[in-house]
Amino acid sequence: MSKKRSTRRSRPRKLSLHKPAGRLGDRVKKVGPEHFAIVCFDVAKKRSKWMMCDFYGKVLVEPNHVDHGNGQLQHAVAWIREEAEKHDIQDLVVAIERTGNYHMPVQRTFQAAHFREAKFDTRVLHPFATKQHRLASDPGNKTDDTDLGAMFRATVNGYGLLEPPWDETHRQLQLLARHRRDLVRKRSAVMCQIREQLEGVLPGYAAVFGDKFWDSNLALPLAGWLTSPARFLESGVDGLAALLREKNIRFQQRSLPPLVAWAANAPPHDEQAALRHRVFLDLEDDRTKKTLQITALERDLAERLAHTPYLLLLSLPGINVVSAAELAGEMGPIENYAKANQITGRAGLYAARYQSDEVDRSGSLVRIGNRRLRYVLLMIADNLVGCNTHFLGLNNLWKSQGKHPYLIRVRIASRVARITFQLVAGRQVLHHPGIRSRDYILEKLIRFHQGHGSSMTAMMSNLEQAAKMLPPGSHAEEAAPLAAMLAKTKSSRRRGPVLLGDVLPVILARLGVGTVESETEEQEPSSPAGA
């Protein structure tokens, strides 16, 4: 007879009227409201408007403009110091409204400048906070001066937030991952345009290859050389084979007869087929360039990922190098999160709640949150459902219970956040009760570099750094597949572009494992048996 599980009641949430990263009460109490100042910057593209008030709202410096030049910003810093001395200001904060990347010159200037013994306390305001505090006092009236007043009220009420520090590696990961994601989306748009133009030149040609159209070695080259179904029919199987051999393109003979059969029954092409073919060639060049750029960016992401503990996410089946790098770039240093719930909270992966008296209901996800982080977590959840049997089982179980597909993805993304916190913050590889076996990090990196055509130097550097990031207890497990790979490499006559036989012994030595002799190699005649 199974025991009933006792339900543990969750503790009631403590009501807090201020954001934890925006509280000013203790500092104001220490020096007094009349000796505490707030400097607000309403940032535009070329210049900003700013003012200075004490905590009571008395204006010490009237609103005025400052250009985003180094000399003008330094003059504003000196002016603020002078006014602080004049009005006996003992402490102050600088609140800057986030405006794309345009607020960063002002932010960097004050973060580097000093006020008394320490640097300026520079805080960032979300435009949403400014808007809500402006609507309360000036509904229907939006000016720079009303924005400054709203920024002051938002900062006083704890919405001027301190940004946690990020190291250079995580900032680079974020920039490169976002650039790669943008290129992938642009390439997808170009690929749709290619299919559209190609349908006008060679109607039904892409359907011959099915889902393997973009992966085929001969689909796009043949479409670039032969501009009509009639030319395919004239060439025949032998002519197509000769053309591909001349261009040094590998192919299988059985893939050519379906093309000739298609050409014999192809519908008439577009009247502007010649111009469409020209557009197709331009778009294909664009797609090729973007593909090369994406490949180079992915190699850069792998190099930087190896310097962060997010590398340990590769031990989870279903997470690859690019997914781990994107998550590292959007989350930032794991030290900024005290627990896993802060990850889902920052991403906005929780339901919006409406409660009034006896009415209490939850709806869709909250509108606030870091949308890019939410996107990456949901993307990884999709990958896990497709590549991980544990999460696929959870998906099927919840689907059979009638759960909405979007709710299922949110649940899986929340579990991804918890697993990420345990692996990255705990500096450990995967030990999950529901997942029978984990992936091997170094083996994944080797496969990644082989698929991306990395140089031996880059591959060696990346693997050595990754070996340093691994927890000592996992070295023996990580060495096992590498030893098998080394034995297979020694016994094989084929040597790829990256000489694994030169790389693997060094990595095995870093893991504390000696080189492995292949069992298939013949022993030297002078060597004793078993030596």
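Before I describe how anything packs, let me say that contact here means heavy atoms within 4.5 Å, that helices (H or I, at least four residues) and strands (E, at least two) are DSSP runs numbered from the N terminus, and that axes are lines fitted to C-alpha atoms, for helices over the stretch in contact, with angles running from 0 to 180 degrees between N-to-C directions. What you see is a predicted model, in which local features need pLDDT of at least 70 and side-chain atom pairs count only at pLDDT 80 or more, while totals for chains, interfaces and linings use all residues. Residues are numbered from 1 along each chain as its sequence is written, and side-chain values use heavy atoms, with hydrogens and water left out.

Let me start with the sheet, where two strands count as paired if DSSP finds at least two bridges between them. Five strands form an open sheet with mixed pairing, in the order β3-β2-β1-β4-β7, and its edge strands, β3 (59-67) and β7 (121-125), each pair on one side only. From one strand to the next, the twist averages 20 degrees.

Helix α2 packs on it, touching β1, β2, β3 and β4 (91-97), and the direction of α2 makes about 170 degrees with that of β3. Helix α3, in turn, lies across β1, β2, β4 and β7, running at about 155 degrees to β7.

How do these two helices meet each other? The axes of α2 (residues 70-86) and α3 (residues 104-112) come within 10 Å and cross at roughly 50 degrees. That makes α2 oblique to α3, given that angles under 35 degrees count as roughly parallel, over 145 as roughly antiparallel, 65 to 115 as roughly perpendicular and the rest as oblique. On the α2 side, Leu73, Gln74, Val77 and Ile80 meet Pro105, Val106, Thr109 and Phe110 in α3.

Finally, let us look at a loop. Asp88, placed in the loop between α2 and β4, has a phi near 55 degrees, a positive value in a residue other than glycine. Is Asp88 exposed or buried, or something in between? With a relative accessible area of 38%, Asp88 is partly exposed, where buried means under 20%, exposed over 50% and partly exposed in between (1.4 Å probe, protein chains only).
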